[in-house]
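Student: I have a new structure to look at, and I would like to learn how to read it. Could you walk me through it?

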Amino acid sequence: MKILDWLTNYNFDHNLSYSCIVEDLKKKNTLVLIENFPLCDNDFQFFIDTIGVSIIENRNNNRQAVFDVKVARQNSFFESIANSNLAFPLHTDCVDFNSIPNCIAFLCVEPASLKEGTNSFMFLNNVIKQLSENTIQELLNKKWKFRNQSRSILTIEDEQYKICYDRITMESFSEISKIEIDKLNKLDELFESNSFNIKLKKGDLILFRNDLMLHGRNGININSNRLIKRIRFNIDLKT
Ligand SMILES: [Fe+2]
């Protein structure tokens, strides 16, 4: 699988075209990578608010838009799953929100060593081609509980398939039969076989669609200094 076909590269400088970046994000199969981005919360938030509308959450830095994804423990417990050293299987973010943000940005401030903490991605568009019509219908029709939200894994919006998938949340809030587990396992295998890895380096800012892609990462050492700053945001898809 050729990653470069789907990676739109920019360098952070005065020529950076914000409108081009928004147009890239509107496409189905594009990941946007901006290299040499400043490692500062204010610059990060200002940039995202220029191309879209960031999601403010209480647990973020200063209750604003930036969240530090790093290993953080209080006593012997991780502060949250995002603050653990665990691997994250391919998923959608914010599946239990009233409105799921359509984009995510990761700014790499401190990469993990060697092969640790590698990000993985998967384009829904590539997977759809490999699903039978029956399976697509099932994924469109069957509703799953994502905490207080009832949603299907696939939806169609503006004649485009969109995905909402987070198996940990689904299995936590839905009663799932053995047959359904087998189907989800097969789906996971298909997602994995269509995924590719990107190892971010310091100053890399990666932007991607949360409704058209799944993302994950492999595990990291519990003592790792890896620091990824994250902003979830919405771009206007109607204009
Ligand atoms: Fe995530």
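Predicted model: local features only at pLDDT ≥ 70, side-chain atom pairs only at ≥ 80, totals over all residues.

Student: How many helices and strands does the chain have?

Tutor: The chain has six helices and 17 strands. Its radius of gyration is 18 Å, close to the 18 Å that the globule rule gives for 239 residues, so the chain is as compact as a globular protein of that length. Along the principal axes, the C-alpha atoms fill a box of roughly 50 × 50 × 35 Å.

Student: What share of the residues in the chain is buried?

Tutor: Buried means under 20% relative accessible area. Here 52% of the 239 residues fall in that group.

Student: Can we try one residue as an example?

Tutor: Take Leu131, in the loop between α3 (124-128) and α4 (133-141).

Student: Is Leu131 buried or exposed?

Tutor: Its relative accessibility is 14%, so Leu131 counts as buried. Setting aside neighbours within four places in sequence, Leu131 touches Ile136, Leu139, Leu187 and Leu190. Leu190 is 59 residues from Leu131 in sequence, yet their C-alpha atoms are 9.2 Å apart in space.

Student: Now for the metal. Which residues are the protein donors of the iron ion?

Tutor: Donors are N, O and S atoms within 2.8 Å of a metal such as this one. For the iron ion, the protein donors are His91 (NE2), Asp93 (OD) and His215 (NE2), at 2.1 to 2.2 Å. Their spacing in sequence is H-x1-D-x121-H. Both His91 and Asp93 are buried.

Student: Next, the pockets. Where does the largest share of the lining of the largest pocket come from?

Tutor: That share, five residues, comes from α5. The pocket has a volume of about 700 Å³ and is lined by 31 residues, with Ile81, His91, Asp93, Asp166 and Arg232 nearest its centre. The elements giving two or more residues to this lining are β7 (88-91), α5 (167-173), β16 (213-217) and β17 (227-234). Notice that His91 and Asp93, which lie near the centre of this list of lining residues, are also donors of the iron ion.

Student: How do the lining residues of the largest pocket divide by class?

Tutor: They divide into 13 nonpolar, seven polar and eleven charged.

Student: What about the second largest pocket: how many residues line it?

Tutor: It is lined by 23 residues, and Asn102, Glu157, Lys162, Asp211 and Leu237 lie nearest its centre.

Student: Which residues line the largest cavity?

Tutor: They are Cys108, Pro111, Ala112, Gly117, Asn119, Lys199, Leu200, Arg226 and Ile228. By class, five are nonpolar, two polar and two charged.

Notes: Residues numbered from 1 in each chain as written. Heavy atoms only, no water. 1 Å grid on protein atoms, 1.4 Å probe; cavity = no way out; pocket = protein on both sides within 12 Å on 5 of 7 lines; lining within 4 Å. Nonpolar A, V, L, I, M, F, W, Y, C, P; charged D, E, K, R; others polar. Donors = N, O, S within 2.8 Å, 3.2 Å for Na, K, Ca; no water. Buried < 20%, exposed > 50% of the residue type's maximum accessible area, 1.4 Å probe, protein only. Points joined across faces, edges and corners; volume = space filled by probe spheres on them. Helix = DSSP H or I, 4+ residues; strand = E, 2+ residues; numbered from the N terminus. Rg over C-alpha atoms; globule rule 2.2 N^0.38 Å. Contact = heavy atoms within 4.5 Å.
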